[in-house]
Amino acid sequence: KPQDLPGLFPELRAGLNRGTLIVSIAAGVKLSGLHQGLPPRTAVIRAMPNLPATVGQGMTVLAAGRYAGPAAVNKAKSLFASVGEVWVGKESQLDAVTALSGSGPAYYFLLTDLLASAGVRLGLPAAMAEALACSTAVGSGALLAGGSLSAKELVKAVASKGGTTEAALKSFQKSGLNKAVYAAVSAAARRSKQLGG
């Protein structure tokens, strides 16, 4: 955990071999802070993976420190590629990455739970509503991952003019869902910056 690093640095300094690559998944802890706590010229890479890595469907973004050359980046990419997709970015992007991808699975879990709860309120048995919401999330994700259409295009493909989906989308728009999602992701990004000091 980020708050445990200050106490861990003395142990790391004492036990690290020269040339060891350090990969940190401590949210918000900057490369500069990691370099300060570790031996001079240690190769450090910050990584922001997400929970779907536990099922081989993760998304990880890496940011390399000044002593982490291409070989170190490739080693980290190989490590995280074993549990999903990997992008290399800049450290200045990691707060946004944390807010979008690191925290993002919780947003999808919340929406799935809210859909199931709405189904129950509309008269479906809880088990059926949960199965429908979960299957819809998994199937929609697979369809999106197929890559032939963008998320915006898929929304249009489902929404027939004057139909049920269009009615729901208008309700989302009227209730300010777009602004709420941006505000939530912005709040997560701000918190990530605060964690980094």
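**Exercise 1. Find how the lining of the largest cavity splits by class into nonpolar, polar and charged residues.**

Step 1: Learn the term. On a 1 Å grid over the protein atoms alone, a cavity is a set of points where a 1.4 Å probe fits but cannot get out, and lining residues have an atom within 4 Å of a point.

Step 2: List the lining: Ala26, Ala27, Arg46, Ala47, Met48, Leu94 and Thr98.

Step 3: Sort it. Ala, Val, Leu, Ile, Met, Phe, Trp, Tyr, Cys and Pro count as nonpolar, Asp, Glu, Lys and Arg as charged, and the others, Gly among them, as polar.

A word on the model: it is predicted, so local features need pLDDT of at least 70 and side-chain atom pairs pLDDT 80 or more, while totals for chains, interfaces and linings use all residues. Residues are numbered from 1 along each chain as its sequence is written, and side-chain values use heavy atoms, leaving out hydrogens and water.

**Exercise 2. Find which element gives the most to the lining of the largest cavity.**

Step 1: Recall that helices (H or I, at least four residues) and strands (E, at least two) are DSSP runs, numbered from the N terminus.

Step 2: Strand 2 gives the most, with three residues.

**Exercise 3. Decide whether Ser140 is buried, exposed or partly exposed.**

Step 1: Locate Ser140 in helix 6 (residues 126-145).

Step 2: Apply the cut-offs: buried is under 20% relative accessible area, exposed over 50%, partly exposed in between (1.4 Å probe, protein chains only).

Step 3: Ser140 is partly exposed, because its relative accessible area is 41%.

Definitions and conventions: 1 Å grid on protein atoms, 1.4 Å probe; cavity = no way out; pocket = protein on both sides within 12 Å on 5 of 7 lines; lining within 4 Å.
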